[in-house]
Amino acid sequence: MKNNALVLGKRTAIDWALFENDLHQKFGVNAVTFGKDGKRRTAGEIDTANEICYLIKKHPHGASRICDLVQRYLNHLARAKKRYVTEECAAGMYKIVVPVIQEGRIEGFISTCGRPFISTDRIYTHYIIKTIFEDETKIENLLPTLVPIDPRTIKDILIYITSYS
């Protein structure tokens, strides 16, 4: 793979909302862009990849306990390495964070998640249920609706992001 980050030209501008929507539509992921300060670049609802992510994000403690901690950690790691990094969130969804670099400086991050790696067996249903106080049967019934992510799709996402500009 040519790049490990989205490298922008000096005057390159991107419509981040459109970019997030494109990632969501093409790859069926939650897609969020962040500025260098870690704050979201866009406003409004995030198009979620699945109903489990939707339930997590709408719960007052869901996103903070399941999504945000790993997001901050991966932003930090991507900043330090100046390359993409991956990890699972506390729910078991595969997360990719790609740094945005302009004029040699980190200007932000692109994050995708919402699909378990290879199998839905990787979803931590007990932790989700305990965190968002959702019915166990409801979460268990949603597992078959998840679309796992495979290495080829991960590679395609990384190529799409790093060659976007």
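User: Which residues in α4 are buried?

Analyst: This is a predicted model, and burial in it is read from relative accessible area, with residues under 20% counted as buried. In α4, the buried residues are T125, I128, I129, T131 and I132.

User: At what angle do α3 and α4 pack, and how far apart are their axes?

Analyst: One reads the angle between the N-to-C directions of the two helices, on a scale from 0 to 180 degrees. Helix α3, which spans residues 62-81, packs with α4 (residues 125-132) at about 140 degrees, and their axes are 8 Å apart. Since an angle must be over 145 degrees to count as roughly antiparallel, α3 and α4 are therefore described as oblique to each other. On the α3 side the residues in contact are G62, R65 and I66, and they meet Y127, I128, T131 and I132 of α4. Sorted by class, this contact has 4 nonpolar, 2 polar and 1 charged residues.

User: Where does N75 lie, and which residues does N75 touch when those up to four places away in sequence are not counted?

Analyst: Leaving out the sequence neighbours directs attention to contacts made by the fold. N75 has its place in helix α3 and, with residues up to four places away set aside, touches F34, G38, V97 and F109. With a relative accessible area of 7%, N75 is buried.

User: How are α1 and α6 oriented towards each other?

Analyst: The angle is again the value to read, now against the cut-off of over 145 degrees for a roughly antiparallel pair. Helix α1 (residues 16-27) and helix α6 (residues 151-162) pack at about 155 degrees, with their axes 11 Å apart, and they are therefore roughly antiparallel. The crossing in which α1 passes α6 is right-handed. From α1, the residues F19, D22, L23, K26 and F27 take part, and they meet T153, D156, I157, Y160 and I161 of α6. The classes in this contact are 6 nonpolar, 1 polar and 3 charged residues.

User: Is I161 buried or exposed, and which residues does I161 touch beyond those up to four places away in sequence?

Analyst: I161, which lies in helix α6, has a relative accessibility of 0% and so counts as buried. Setting aside residues up to four places away, I161 touches L6, F19, L23, V98, I110 and T112. I110 shows how separation in sequence and in space can be read side by side, for I161 and I110 are 51 residues apart in sequence and 8.1 Å apart in space, C-alpha to C-alpha.

User: How many disulfides does a search of the whole structure find?

Analyst: The test is a distance, as two cysteine sulfur atoms must lie within 2.5 Å to be called a disulfide. The search of the whole structure finds 0 disulfides.

How values were computed
Residues numbered from 1 in each chain as written. Predicted model: local features only at pLDDT ≥ 70, side-chain atom pairs only at ≥ 80, totals over all residues. Heavy atoms only, no water. Helix = DSSP H or I, 4+ residues; strand = E, 2+ residues; numbered from the N terminus. Parallel < 35°, antiparallel > 145°, perpendicular 65-115°, else oblique. Left-handed = near helix turned anticlockwise from the far one by under 90°. Contact = heavy atoms within 4.5 Å. Nonpolar A, V, L, I, M, F, W, Y, C, P; charged D, E, K, R; others polar. Buried < 20%, exposed > 50% of the residue type's maximum accessible area, 1.4 Å probe, protein only.
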